[in-house]
Amino acid sequence: MDKFRMIFQFFQSNQESFMNGICGIMALASTQMYSAFDFNCPCLPHYNMAYGLGILLVPPFILFLLGFVLNNNISMLAEEWRRPHGQRGKDPAVLRYMFCSMAQRAMIAPVVWVSVTLLDGKCITCAFCTSVPVETLGNASHPLLSQGEIQRVLARIPCKEIYNGQELIANEVAVRYLRCISQALGWCFVLLMTTLAFLVRSLRPCFSQAAFLKSRYWSHYIDIERKLFDETCAEHARSFAKVCIQQFFEGMSTDLVAAHCHQPRKASEDMGEASKKLLGITDQGTMNMALKSWHRCKPPLHLHPPVLPSGNGWAGEGQPPVHPSAPRRETAAYYSLV
């Protein structure tokens, strides 16, 4: 349990670790789904290829979209892409980095599915069983079968229990031939994906390390800023609700005192703290205006110290702050004549 707890804490450490954990779980789930999937080839000439290629390509597409759906950054990317410029411009490099990062993670589960499917060989056997070279592997000069009948017989190769073309080509020979081709394609696909991942990981820092660090930094900043804004809004809503409820019960207590029911209770001490957290926004319309202002014109990413007022107005920028001089200590000496 301690190991699982450590792994869970590592996944929760930051957004990237969390999404890597989600993608790893989806990759394991894709293998479990394929192992639990009951593959039933229709064994018909016009349906085998559609069924086999559909099982090979449609689930990876669904898993790819599911990887985007489970990624929390997809809403942040759409919001950042569609928001107005306002006081803060939008950096296309940051948007490209966020999209590429999500696409790379979302591709893990589809790649695993395609690799497992090709290495298993059932889909390729079902899809291309009618393309087996009978001239090389079987008896192409069978006198009792036409070309259409040969296609119907070959379409039954994945269905061993109903296959009746042993005189034309042995079922074991055709299945082994197609499975070898499928496994070769599977290993080539795994090698290609591994090579591409290696090139992306190793060559990208060699060309644009500074741009990559900048995009990664501001991508993390947007994520952290959004989380802090949500936490601040939740804290403001909690304080606003607490003050509203306390004022409601205080009003009820005043009405009960007027009716001579019982003495009013004293207000709780934390009401002042809740009022401070409202930051002066104590109206629904004002809060709605603040939320719209945050969306339309986010503050620029430029931090500057607050300007201090001087005697003739506001002090200009660039002037060093004037520190008040320390008060002088006066010493009194007394002399007496003896």
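**Figure 1. The salt bridge between Glu225 and Arg88**. In this predicted model, the closest N and O atoms of Glu225 and Arg88 are 2.8 Å apart; a salt bridge here is a side-chain nitrogen of Lys or Arg within 4 Å of a carboxyl oxygen of Asp or Glu. Glu225 lies in helix H10 and Arg88 in the loop between helix H4 (73–82) and helix H5 (92–106), so the pair ties together parts that are 137 residues apart in sequence. Helices are DSSP runs (H or I, at least four residues), numbered from the N terminus. Both partners, Glu225 and Arg88, are buried, meaning under 20% relative accessible area, while exposed is over 50% and partly exposed is in between (1.4 Å probe, protein chains only).

**Figure 2. The salt bridge between Lys214 and Asp91**. Here the closest N and O atoms are 3.8 Å apart. Lys214 sits in helix H10 and Asp91 in the loop between H4 and H5, so this pair ties together parts 123 residues apart in sequence. Lys214 counts as partly exposed, at 39% relative accessibility, and Asp91 does too, at 28%.

**Figure 3. A look at helix H6 (residues 108–120)**. Among the buried residues of H6 are Trp113, Val114 and Leu118. Just after H6, Gly121 takes a positive phi of about 90 degrees.

**Notes for all views.** Residues are numbered from 1 along each chain as its sequence is written, and side-chain values use heavy atoms, leaving out hydrogens and water. Local features need pLDDT of at least 70, side-chain atom pairs count only at pLDDT 80 or more, and totals for chains, interfaces and linings use all residues.

Definitions and conventions:
Helices (H or I, at least four residues) and strands (E, at least two) are DSSP runs, numbered from the N terminus. The expected span of a helix is 1.5 Å times one less than its number of residues.
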